[in-house]
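Visitor: Hi, I have a few quick things to ask about this protein. Can you walk me through it?

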Amino acid sequence: MALGGADNLARSPELRTKLLWTLGLLCAYRIGVHIPVPGVDGGALAHFFESVAGTLFGLFDMFSGGGLRNVSVFALGIMPYISASIILQLLQVVSPELKRMAKEEGAAGRRKITQYTRYSTVLITIIQGFGIAVGLETMYSPGGVPVVLEPGWTFRIMTMLTLTAGTVLIMWLGEQITEKGIGNGISLIIFSGIVVGIPGALVKSFQLIKLGDMSLFIALALVILMVAVLIGVVFMERAQRRIPIQYAKRQVGRKMYGGQSTHLPLRVNTAGVIPPIFASSLLLFPATMANFDIADWLKTAASWFTPSSILYNVIFIALIFFFCFFYTAIIFDPKDVAENLKKAGGFIPGIRPGEKTQEYLDAVLSRLTLWGGVYISVISVLPMLLIAEFNVPFYFGGTSILILVGVAMDFMSQIESHLISRQYEGLMGKTRIKGRS
């Protein structure tokens, strides 16, 4: 049955309304990306960004959907909100109060953590907005033209307030998409920012083929490689190890409960896109600092960490493995899972409940995380290889492809779930339940 067909969509006005809400709010976001902050020379800024390709500016520009390149009101994008969310998750490990709030207080606790995340987002945005304002004043195009027309405290305060208001508006748009639309709003905003760069990349590719800088054979080989990578990413993102769980039978009064079998799914890529984002941010920081007026020895050290160097890629892979294990340990605690299984009367066949179950889950998760690190490393290093060896004019792979595939799969699964729920409600509405008079 084709759940996502036009016929099913026509029969579900509620889903159609949700899709229109999502599309409309994403269009509003894309409009804001093209509204520049006052006081910035757009031409000088464009030349500056051409000279800083492969630094943190490029990474943040990808997440802001081109807003940082234009220094628009949405220049910071949703990155401050993501940073605040990650910080709150890390604090739950060291703060018993936050951990209790997240696990024991249920929906009320999650609402409090969401509120803390919003406040933290505003604080981070104020700091980053002021830093960007000061940084813009030190930027010059390769021709020596200053990026800021009239530097000073007026420009700094105005830029800081504008960027803060823009990030808060993006955060609100994301929450409205989640509430009234389809899918996770924050993820869809990042998704839309990455997708808008695809047409430009295709145009550049056709121009290279037309000029003879790229042969048709290499272009076809790249298309086949991209299709294979997409299939591989989809397979790995859905891959999981299912641990069988058996619940013991127990008698309550005259009734017998339990005895059913289920499974505990453990994903191969439990950490998601966090490892490549963190690893890229750490390694691109020296290259970013080298674009400012700093010591010559620091510029020399920063040149060692260009994305095309062997040292960069070796350290990059090592950091990816580190963050894969680190973040997986934060979001999945084998001890808690083993205790909850024991309290519910569940056990893994052949494994004793309690400490042995914890050790077994920890061993399985470690092996899965190892293969997940290998998978993310291959996907993350692939763009550097394609650009260096085949002169590919766009960035394919890495964090962007992981986000695109993950968000698209989540979006389609939510549409499918909505249509299944709609069909179920329709069947229930046609059924007449007769009761005793």
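**Salt bridges and spaces**

Guide: Let's start with E175. At a relative accessible area of 23%, E175 is partly exposed. Keep in mind that this is a predicted model.

Visitor: What does E175 form a salt bridge with?

Guide: With R118. The closest N and O atoms of E175 and R118 are 2.9 Å apart. E175 sits in helix α9 and R118 in helix α8, so the pair ties together parts 57 residues apart in sequence.

Visitor: And R118, how does it count by relative accessibility?

Guide: R118 counts as partly exposed, at 28%.

Visitor: How many salt bridges does a search of the whole structure find?

Guide: It finds 2. Besides E175 with R118, the side chains of E237 and R267 meet in a salt bridge, at 3.1 Å from N to O. E237 lies in helix α12 and R267 in strand β4, residues 261-267, so this pair ties together parts 30 residues apart in sequence.

Visitor: Is E237 buried or exposed?

Guide: Buried. Its relative accessible area is 12%, and buried means under 20%. R267 counts as partly exposed, at 34%.

Visitor: New topic. How many disulfides does the structure hold?

Guide: The structure holds 0 disulfides.

Visitor: Which residues line the largest cavity?

Guide: I86, L90, I274, F278, F323, F326 and Y327. Helices α6, α13 and α15 each supply at least two residues of that lining.

Visitor: Which helix gives the largest share of the lining?

Guide: That is α15, with 3 residues. Helix α15 covers residues 310-331.

Visitor: How much space lies in the second largest pocket?

Guide: About 1,200 Å³. The second largest pocket is lined by 36 residues, and the closest to its centre are Q89, N184, S187, V273 and I274. I274 also lines the largest cavity.

Visitor: Which helices supply at least two residues of that pocket's lining?

Guide: Among them are α8 (106-137), α9 (153-180), α12 (216-238) and α18 (398-430). Helix α6 gives the most, with 7 residues.

Visitor: Where is α6?

Guide: Helix α6 spans residues 79-94, and V94 is found in it.

Visitor: Is V94 buried or exposed?

Guide: Exposed. V94 has 63% relative accessibility, and exposed means over 50%.

Visitor: What does V94 make with I87, L91 and V93?

Guide: Together they make a nonpolar surface patch of about 360 Å².

Visitor: Last one. Where does E355 lie?

Guide: In helix α17, residues 355-390. E355 counts as exposed, at 57% relative accessibility.

Visitor: How far apart are E355 and K335?

Guide: They are 20 residues apart in sequence. In space they are 7.7 Å apart, C-alpha to C-alpha.

Technical notes:
Residues are numbered from 1 along each chain as its sequence is written. This is a predicted model: local features need pLDDT of at least 70, side-chain atom pairs count only at pLDDT 80 or more; totals for chains, interfaces and linings use all residues. Side-chain values use heavy atoms; hydrogens and water are left out. Patches are made of residues with over 30% relative accessible area and no salt bridge: like charges are joined within 9 Å, nonpolar side chains (Val, Leu, Ile, Met, Phe, Trp, Tyr) within 5 Å. Accessible areas come from the Shrake-Rupley method with a 1.4 Å probe; for residues, only the protein chains shown count as cover. A salt bridge is a side-chain nitrogen of Lys or Arg within 4 Å of a carboxyl oxygen of Asp or Glu. Helices (H or I, at least four residues) and strands (E, at least two) are DSSP runs, numbered from the N terminus. Buried means under 20% relative accessible area, exposed over 50%, partly exposed in between (1.4 Å probe, protein chains only). A disulfide is a pair of cysteine sulfur atoms within 2.5 Å. On a 1 Å grid over the protein atoms alone, a cavity is a set of points where a 1.4 Å probe fits but cannot get out, and a pocket is an open set with protein on both sides within 12 Å along at least five of seven lines; lining residues have an atom within 4 Å of a point. Grid points are joined across faces, edges and corners, and a volume is the space filled by probe spheres set on the points.
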